[in-house]
Each structure stands twice: as structure tokens, then as C-alpha cells.
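Work through the following exercises with the sequence and the model side by side. Try each task before reading its solution.

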Amino acid sequence: IGFKGMVANEIINFMKKSPDFAKVTAEAAQALANDGRLVIAGRMDDPHGHTAVVYPGGELVNSGKWHEEVPTLANVGKNNGIMGANYAFRLPPAYFVWIESVDA
């Protein structure tokens with residue numbers, strides 16, 4: 001994919017500009033991950049952002065913090081494990097599906 005050596009903000013910028021990724025909604029992110037596609041959640045921040053993978057086999061969960069349904073993520077960071085996006089990010093992230101995984 002080309003993320004080698006990148007930090008979260010660079011990965012997010014890469015996905016925003018790359019024709020190999022498409023931005024999707026939270027609902028589509030979970031559905032696509034459950035269909036076997038690679039979906040990455042990301043949010044830029046200063047000095048660094050955060051990324052996590054939407055968990056295949058997960059489900060949308062209600063975020064009382066954000067008042068919306070959010071995907072389940074496989075997260076490594078301050079909190080490690082399988083959790084709703086609202087536990088992995090302070091604010092709602094963007095979701096990107098790797099297009100090649102859709103065609104594969």
C-alpha cells in the first residue's frame with residue numbers, strides 16, 4: 001500500500017490523495033470491513049494523529065459521546081483492543097476503504 005515509514009498524519013494525507021482509497025461513511029466502513037475489505041479509520045491532529053483498522057466481523061455501536069453509530073475498530077494506542085471508534089479517537093475519524101481490496 002505504501003505506508004512504510006509514515007506516521008498517522010502522513011498516512012491520512014496519503015489516503016486522501018490516493019486514487020487507491022475512497023472515503024466512506026461510518027456505516028459503509030463497517031459493512032465493507034465485514035465483507036473482507038481493508039478499511040482504515042484516521043484523524044489528523046497536532047503533533048500527530050491516529051489510525052486504526054475497522055474490525056472485520058464487528059458491528060456498529062452507539063456512541064453516546066458522539067450521538068451516532070460508529071464502527072468497531074482493532075486499535076493499538078492509549079487503549080488496545082477491539083472497541084468502538086469512540087473509544088479509540090477523541091473526535092470522529094474519517095474512514096477510507098482500500099479500492100484494490102474491493103476489486104480483489
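The exercises go from the whole chain to single residues.

This is a predicted model, in which local features need pLDDT of at least 70 and side-chain atom pairs count only at pLDDT 80 or more, while totals for chains, interfaces and linings use all residues. Residues are numbered from 1 along each chain as its sequence is written, and side-chain values use heavy atoms, with hydrogens and water left out.

**Exercise 1. The whole chain**

Task: State how many helices and strands the chain has and in what order they run, then decide how compact the chain is for its length.

Solution: 
- Step 1. Helices (H or I, at least four residues) and strands (E, at least two) are DSSP runs, numbered from the N terminus. The chain holds four helices and eight strands.
- Step 2. Read from the N terminus, the order is α-β-α-β-β-β-β-β-β-α-β-α.
- Step 3. The radius of gyration is taken over C-alpha atoms, and the globule rule is 2.2 Å times the number of residues to the power 0.38. The rule gives 13 Å for 104 residues and the chain has a radius of gyration of 13 Å, so the chain is as compact as a globular protein of that length.
- Step 4. The C-alpha trace spans about 35 × 35 × 20 Å along its principal axes.

**Exercise 2. Contacts along the sequence**

Task: Find what share of the contacts between residues at least 6 apart in sequence joins residues at least 24 apart.

Solution: 
- Step 1. A contact means heavy atoms within 4.5 Å.
- Step 2. Of the contacts between residues at least 6 apart, 54% join residues at least 24 apart.
- Step 3. Gly84 and Val61 are 23 residues apart in sequence, but their C-alpha atoms are 6.3 Å apart.
- Step 4. Not counting residues up to four places away in sequence, Gly84 touches Val61, Val70, Pro71 and Thr72.

**Exercise 3. Loops and backbone**

Task: Describe what the loop residues Ser18, Pro47 and His67 show.

Solution: 
- Step 1. Ser18 lies in the loop between helix H1 (8-17) and strand E1 (21-24). Ser18 is buried, with a relative accessible area of 10%. A polar atom of its side chain lies 2.9 Å from the backbone nitrogen of Asp20.
- Step 2. Most residues other than glycine have a negative phi, and most peptide bonds are trans.
- Step 3. Pro47 lies in the loop between strand E2 (39-43) and strand E3 (50-54). The peptide bond from Asp46 to Pro47 is cis, with omega near 15°.
- Step 4. His67 lies in the loop between strand E4 (61-63) and strand E5 (68-70). Phi of His67 is positive, near 60°.

Key: Buried < 20%, exposed > 50% of the residue type's maximum accessible area, 1.4 Å probe, protein only. Polar contact = N/O pair within 3.5 Å; in protein donor to acceptor, adjacent residues only side chain to side chain.
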